[in-house]
Amino acid sequence: MTARTAPTTAVVLVVVGLCCQEVGASLAVLLFPQVGPLGMVMLRLVFSALILWLIARPSLRGRSRAAWTAVVQLGVALAVMNGFFYLALERLALGVTVTIEILGPLALSIIASRRASAWLWAGLALVGVVALGGGGFDRLDPLGVVFALGAAVSWAFYILASAKVGAAIPKLDGLALAMAVGAVLSLPFGIVDAGASLLRLDLVALGVAVAVLSSTIPYALELIALRRLPAAAFSILMALAPATASFAGFLLLGQHLSLLEVAGIALVIVASIGAVRAAGRRARDVAEPVG
């Protein structure tokens, strides 16, 4: 593969990964009547943990206390983030949920940039969120919005915890361990929510499909893409998640959005890209001071 085609291939991999995630989320929504949102969280985390464990085969020995603390923090973040996300999906359209959720990483990017222009992107995102509510939030389920905001905060903590785990434990070992922690935490809530549905092999098989589509394939493709793309470029591509989620919601779930809601999603995407670029410039300024 030439140096010129490598970035293009990486972009394709990221976009495919995003599409897989949203298809998995759409499939999860279809399963809510049978297993419930928290039952779906449990199925996703349990089977994601099993798949990652088979791939990474992480060792439980030789880990420092700090490494285990980071693993537990990431596991808690995974369980809480997925719980809030699926609870929001029960009440909000997929595109709307992902747009609100991305406010967490957006806030981190704005804080990291420490530039005056960051407040411009924050203001633009705020306008987008207001537009998302149809000019008010009367068209959105209030509890669904609360759950989506909880997912946004959890996503920010997930990013911080993931960085700690990545620095402390190599390869996919840390993620496999953290996913196992998240799976264990989700078990009691999932069992209560899903009940006897967990005895149906067809529903369990669909849970495996959600885990593969939402976790295994995207994580693998993102890992490959990150080897060929700068982190800033990768983050910008991830900002397209609301667009792919809206398309998947429309195509697979029949969720229609108004023009104002589409405009709101577009504004949040633009704000996310601008904030990521500003944070990238800040990092370069620190790393390469003038003079």
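User: What counts as a disulfide, and how many does a search of the whole structure find?
Analyst: A disulfide is a pair of cysteine sulfur atoms within 2.5 Å. This is a predicted model. A search of the whole structure for such pairs gives a count of zero.

User: How far from C19 is the nearest cysteine sulfur?
Analyst: C19 is in no disulfide. A disulfide needs sulfur atoms within 2.5 Å. The nearest cysteine sulfur belongs to C20, at a distance of 7.1 Å.

User: Is C20 buried or exposed?
Analyst: Buried means under 20% relative accessible area. C20 has a relative accessible area of 15%. Therefore C20 is buried.

User: And C19, at 37% relative accessibility: which class does it fall in?
Analyst: Buried is under 20% and exposed is over 50%. C19 has 37% relative accessibility, so it counts as partly exposed.

User: How many salt bridges does the structure hold?
Analyst: A salt bridge puts a side-chain nitrogen of Lys or Arg within 4 Å of a carboxyl oxygen of Asp or Glu. R200 and D202 form one, with their closest N and O atoms 2.7 Å apart. The structure's count of salt bridges is three.

User: D173 forms a salt bridge with R63; how many residues apart are they?
Analyst: The closest N and O atoms of D173 and R63 are 3.4 Å apart. D173 sits in helix α7, while R63 is in the loop between α1 and α2. The pair links distant parts of the chain, and the separation is 110 residues.

User: Is D173 buried or exposed?
Analyst: The cut-off for buried is under 20%. D173 has a relative accessible area of 14%, so D173 is buried.

User: Which residue forms a salt bridge with R91, and what parts does the pair tie together?
Analyst: R91 lies in the loop between α2 and α3. Its partner is in the loop between α5 and α6, so the bridge ties together parts that are 50 residues apart in sequence. The closest N and O atoms are 3.4 Å apart, and the partner is D141.

User: At the start of α6, which backbone nitrogen does D141 reach?
Analyst: D141 is partly exposed, with a relative accessible area of 25%. One of its side-chain oxygens comes to within 3.0 Å of a backbone nitrogen at the start of α6. That nitrogen belongs to L143.

User: How far apart are the end C-alpha atoms of helix α6?
Analyst: Helix α6 covers residues 142–168, which is 27 residues. At 1.5 Å a residue, α6 should span 39 Å. The end C-alpha atoms agree with this, because they are 39 Å apart.

User: Which residues touch the most other members of the largest nonpolar core?
Analyst: This core has 84 residues. Its largest share, 19 residues, comes from helix α1. Those touching the most other members are M40 and Y86.

User: What is M40 in contact with, leaving aside its neighbours within four places in sequence?
Analyst: Contact means heavy atoms within 4.5 Å. Among the contacts of M40 is Y86.

User: Where is S272, and is it buried or exposed?
Analyst: S272 has its place in helix α11, residues 259–287. Leaving aside neighbours within four places in sequence, S272 is in contact with I102, L106 and A239. Its relative accessibility is 5%, so S272 counts as buried.

Key: Residues numbered from 1 in each chain as written. Predicted model: local features only at pLDDT ≥ 70, side-chain atom pairs only at ≥ 80, totals over all residues. Heavy atoms only, no water. Helix = DSSP H or I, 4+ residues; strand = E, 2+ residues; numbered from the N terminus. Buried < 20%, exposed > 50% of the residue type's maximum accessible area, 1.4 Å probe, protein only. Expected span 1.5 Å × (residues − 1). Polar contact = N/O pair within 3.5 Å; in protein donor to acceptor, adjacent residues only side chain to side chain. Core = buried A, V, L, I, M, F, W, Y, C linked by side-chain atoms within 4.5 Å.
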